[in-house]
Amino acid sequence: MGLPYQWRILIFFQFLVCVSLTTQSPNCTKTQVFIDTDVGSDFDDGTAIMFALKNQHFEVQFILTATGDVVTRAKVLAKLLTLSEDDYVPIGIGLRNTKSNPVYMSGWAEHYNLSGYKGRVFPNGIEEFAKSIISNPCKRIVLLELAPATNIPPLFSNYPDVKKKVTEVKAMAGSIYHGFLNSSGPISEYNVKTCPECMRQLFQSGLSVTITPVDTCGVFYLDTAHFQTFLASSKKVILSMTTSWAYWCTNISYYNCTPKNGSDIFCDSVATFLMMKESYHLLNYKVLYLRITSDGYTVIDNEEGTPINVALTWKRSSLKSMQDIYVSTVAGAESG
């Protein structure tokens with residue numbers, strides 16, 4: 001005996017609702033954001049992703065995992081998005097490579113079942129990432145690069161139309177004059193040194209590329225007052241971030257994780273900030289001709305370098321304003 005007519009009608013309409021939720025057209029009044037991330041190693045990938053998701057002017061369309069154990073990274077990402085109730089965003093599993101930082105947060109998502117993720121998880125992540133970009137009808141499409149760019153060579157070579165659709169690239173990459181926390185002298189920064197050729201291909205892609213090197217992103221964190229305001233929020237996104245932060249803290253040794261110390265460095269979040277018009281009020285930009293060396297340095301070379309827009313320094317007292325913007329956007333409250 002079949003289902004009663006009324007039940008069949010109800011199930012049909014529920015199906016239509018589910019389809020509409022997963023096939024909504026892009027809102028072209030918002031910046032279309034496509035993220036490439038090595039989430040799961042350092043905490044700041046998650047802070048950058050949530051910064052993008054909670055900005056009312058952005059629409060995150062797809063997130064691709066990169067480097068190392070990309071499946072475990074997808075599990076970490078899926079759990080973050082599930083807890084923050086952003087689990088409508090498609091996730092793609094990117095290119096695995098052997099040279100990468102450990103996924104310190106693997107245990108936190110160990111029991112997460114990717115088949116239960118409400119959005120879609122694509123094993124052929126680069127292909128689906130490309131399709132999503134190419135089919136997007138909007139004018140402002142931003143590739144947000146938070147990882148060592150190992151997905152970029154196959155993305156650009158196999159799907160050349162991607163470069164015709166992406167209008168801007170915003171990336172956390174390199175070190176020009178300083179290392180983290182204004183240490184003297186440039187460093188071979190991780191996102192570059194992991195695969196110098198990959199980042200070189202991104203720089204030389206012909207796209208408009210803007211970077212935040214560690215000169216600017218390596219000094220951004222939430223001080224004690226801002227961090228405590230952030231932790232006090234009752235929003236679901238804060239639950240997602242604090243539970244993952246607590247686990248991450250137990251698996252790293254270079255940072256003393258207590259709220260009274262403020263947060264760790266939120267380096268990747270500055271890359272997200274580059275998409276906001278407020279960044280031009282708080283950061284000093286300069287076009288530099290950069291060459292990437294084989295050992296991962298980003299050096300100024302006016303003869304052989306590629307012109308890159310660089311967020312080089314913070315304007316006077318602007319780091320406080322940046323903290324206000326971050327906490328207000330993600331936690332939904334102005335801090336004092």
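Reply: Ser188 counts as buried because its relative accessibility is 15%, where buried means under 20% relative accessible area, exposed means over 50% and partly exposed lies in between, with a 1.4 Å probe and protein chains only. This is a predicted model, in which local features need pLDDT of at least 70 and side-chain atom pairs count only at pLDDT 80 or more, while totals for chains, interfaces and linings use all residues. Residues are numbered from 1 along each chain as its sequence is written, and side-chain values use heavy atoms, with hydrogens and water left out.

Ser188 sits in the loop between β6 (168-172) and α7 (190-193); helices (H or I, at least four residues) and strands (E, at least two) are DSSP runs, numbered from the N terminus. Leaving aside residues up to four places away in sequence, Ser188 touches Lys193, Asp295, Gly296 and Tyr297, a contact being heavy atoms within 4.5 Å. With two of these residues there is also a polar contact, that is, a pair of N or O atoms within 3.5 Å, of which, within protein, one must be able to donate a hydrogen and the other to accept it, and residues adjacent in sequence count only if both atoms are side-chain atoms. The Ser188 side chain reaches the backbone oxygen of Asp295 at 2.6 Å, and a polar atom of that side chain lies 3.5 Å from the backbone oxygen of Gly296.

Burial can also be followed along a whole strand. Seven of the seven residues of β1 (residues 31-37) are buried, so this strand is largely enclosed by the rest of the structure. In a regular strand the side chains alternate between the two faces of the sheet. In β1, Thr31, Val33, Ile35 and Thr37 point one way, whereas Gln32, Phe34 and Asp36 point the other way, and all are buried.

The neighbours of β1 complete the picture. Strands pair if DSSP finds at least two bridges between them, and β1 has seven with β2 (residues 58-65), to which it runs parallel; here Thr37 stands opposite Thr65. Between β1 and β2 the chain passes through helix α2 (residues 44-53), and this β-α-β crossover is right-handed, meaning that, with the strands pointing away from the viewer, the path from the first strand over the helix to the second runs clockwise. Five bridges join β1 to β5 (residues 141-145), again parallel, and Val33 stands opposite Val142 in β5.
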